[in-house]
Amino acid sequence: MTTIIIPCHTYIRKYIQAHYQQGIDLLPLRRDSFIGGFVINLLDRSYQFRKSGLYQDQVVFYVGELIFKRYGSNMTDANVNFFNRTIDNMFRESMYRAIDLAISVKVDYKDYGDVKSLKKQRKYRRKYVLVNRSPDIYQCIIDYCRMFGITEEDIMMETLKKSYYRYRRAYDRRSKVFGS
């Protein structure tokens, strides 16, 4: 059994650990999970990562002998940065979906038009309208981060809030252009 140490931000380590299991510091690296397959594809046999001050934490995986012999156990600087960006994007996209779900949880059922005549014409469709309850976005972000044990010290909540608003603005622009 060989260990692979990948420098990362603290919130990324906590996010990955929550995906595997709470409280485990040594994570299994297998192809049957997205993160495992992703990391295996980033491995390199010959290159040793130079320790930089950019990352304040690390995530530790263990690999079996077959994967170690085939792929190695080192990562290039570029692959470490790519790993962190990709997991950060996964974290944020998951957060965006959780906030959108919290905003649009309440679904109203509405019928439009004369139901009997529309049924005869086979034009009758049920329409679901999302009702915006306007929850506090900041509180949604805090609740989402709490699920993974991420605190304000790990990543600033204001940064995530701004990121969500940028995502929402881009989503609204795309909706207007493509009409969805």
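Leaving aside its neighbours within four places in sequence, which residues is Asp100 in contact with? The residues are Tyr164, Tyr167 and Arg168, where contact means heavy atoms within 4.5 Å. The structure is a predicted model, in which local features need pLDDT of at least 70 and side-chain atom pairs count only at pLDDT 80 or more, while totals for chains, interfaces and linings use all residues. Residues are numbered from 1 along each chain as its sequence is written, and side-chain values use heavy atoms, with hydrogens and water left out.

The overall layout comes next. The chain has seven helices and five strands. Helices (H or I, at least four residues) and strands (E, at least two) are DSSP runs, numbered from the N terminus. Along the sequence their order is β-α-β-α-β-α-α-β-α-β-α-α. Of the 180 residues in the chain, 37% are buried. Buried stands for under 20% relative accessible area, exposed for over 50%, and partly exposed for values in between (1.4 Å probe, protein chains only).

Helix H2, residues 34–42, shows what being covered looks like. Seven of the nine residues in H2 are buried. They are Ile35, Gly36, Gly37, Phe38, Val39, Ile40 and Leu42. The parts that cover them include strand E1 (2–8), H1, strand E3 (57–63), H3 and H4.

Helices can also be looked at in pairs. Two packed helices are described by the angle between their axes and the distance between the axes. The axes here are lines fitted to C-alpha atoms, for helices over the stretch in contact, and angles run from 0 to 180 degrees between N-to-C directions. For helix H4 (residues 77–103) and H6, the axes come within 10 Å and cross at roughly 125°. H4 and H6 are therefore oblique to each other; angles under 35 degrees count as roughly parallel, over 145 as roughly antiparallel, 65 to 115 as roughly perpendicular and the rest as oblique. The crossing of H4 and H6 is right-handed. A crossing is right-handed if the near helix is turned clockwise from the far one by less than a right angle, and left-handed if anticlockwise.

On the H4 side, the residues in this contact are Phe91, Ser94, Met95, Ala98, Ile99, Ala102 and Ile103, and they meet Ile137, Cys140, Ile141, Tyr144 and Cys145 in H6. By class, the contact of H4 with H6 has eleven nonpolar residues, one polar and no charged. Ala, Val, Leu, Ile, Met, Phe, Trp, Tyr, Cys and Pro count as nonpolar, Asp, Glu, Lys and Arg as charged, and the others, Gly among them, as polar.

H6 also packs against H7. Their axes come within 10 Å and cross at roughly 115°, and this crossing is right-handed. Ile137, Tyr138, Ile141, Ile142 and Cys145 in H6 meet Met157, Glu158, Leu160, Lys161, Tyr164 and Tyr165 in H7. The contact of H6 with H7 divides into nine nonpolar, no polar and two charged residues.

Charged side chains can pair up as well. A salt bridge is a side-chain nitrogen of Lys or Arg within 4 Å of a carboxyl oxygen of Asp or Glu, and by this rule there are eight salt bridges. One of them joins Lys14 and Asp154, at 2.7 Å from N to O. Lys14 lies in helix H1 (residues 10–20) and Asp154 in the loop between helix H6 (137–147) and helix H7 (157–178), so this pair ties together parts that are 140 residues apart in sequence. Lys14 and Asp154 are both buried.

Another salt bridge, between Lys69 and Glu65, has an N to O distance of 3.0 Å. Both residues lie in helix H3 (residues 65–71), four residues apart, about one turn of the helix. Lys69 is exposed at 52% relative accessible area, and Glu65 is exposed at 53%.

The last pair leads back to the opening question. Asp172 and Arg168 form a salt bridge of 3.5 Å, N to O. Both lie in helix H7, four residues apart, about one turn of the helix. Asp172 is partly exposed at 35%, and Arg168 is partly exposed at 23%. Salt bridges that share partners join Asp100, Arg168 and Asp172 into one network. Asp100 itself is found in helix H4 and is buried, with a relative accessible area of 17%.
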